[in-house]
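Please open the model in your viewer and keep the selection tool at hand. The tour below moves from one selection to the next and says what can be found at each stop.

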Amino acid sequence: VFSESLEGFGITGNVGLTETNIEPQGPGSSQPIPGFSKWTPQGTFYYDKDGFSARVSVSHRSKFVAEVRGFGEGRDFRRGKAETLVDAQVSYEFQEGSMLDGFSILLQGYNL
């Protein structure tokens, strides 16, 4: 613990980078793989102490090639927009000695 006042706080994160050299139509025809974003960072900030827990998570994906069904059920490709998603969670677990010992309450929100 860096400081007593930071006890219970934490942060996690990661970053994904996807690069490819696939040439589906032969040499010189490089193109992105459908569904893959070049950048996919994610992070979570949280607090967890004395039965109380709260966390906020953020994930992002950069633009990507989306594969969709086109006219006549053929495959068609579109540019998917970048997106950022935010999720949150708050909970409390009643502590030992409480009449509700072990009972917990949880509230979650996705795609905020």
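Select Gln-42 to begin, and then look across to S3, where the bridge partner of Gln-42 is Ser-59. The two strands involved, S2 (residues 39–49) and S3 (residues 52–61), pair in the antiparallel sense over eight bridges; strands here are DSSP runs of E with at least two residues, numbered from the N terminus, and two strands pair if DSSP finds at least two bridges between them. This is a predicted model, in which local features need pLDDT of at least 70 and side-chain atom pairs count only at pLDDT 80 or more, while totals for chains, interfaces and linings use all residues. Residues are numbered from 1 along each chain as its sequence is written, and side-chain values use heavy atoms, with hydrogens and water left out.

Next, select S1 together with S2, which pair in the antiparallel sense over nine bridges. In this region Gly-16 stands opposite Thr-40 in S2.

Now show the whole sheet, an open one of five strands in the order S1-S2-S3-S6-S7, with antiparallel pairing. Its edge strands are S1 (9–17) and S7 (104–109), each of which pairs on one side only.

Within the sheet, pick Tyr-92, which belongs to strand S6 (residues 83–93). Is Tyr-92 buried, exposed or partly exposed? Its relative accessibility is 32%, so Tyr-92 counts as partly exposed (buried means under 20% relative accessible area, exposed over 50%, and partly exposed in between, with a 1.4 Å probe and protein chains only).

Move on to Asp-76 and Arg-78, which form a salt bridge with their closest N and O atoms 2.7 Å apart; the term stands for a side-chain nitrogen of Lys or Arg within 4 Å of a carboxyl oxygen of Asp or Glu. The structure holds one salt bridge. Asp-76 is partly exposed at 26% relative accessibility, and Arg-78 is also partly exposed, with a relative accessible area of 48%.

Note on methods. Helix = DSSP H or I, 4+ residues; strand = E, 2+ residues; numbered from the N terminus.
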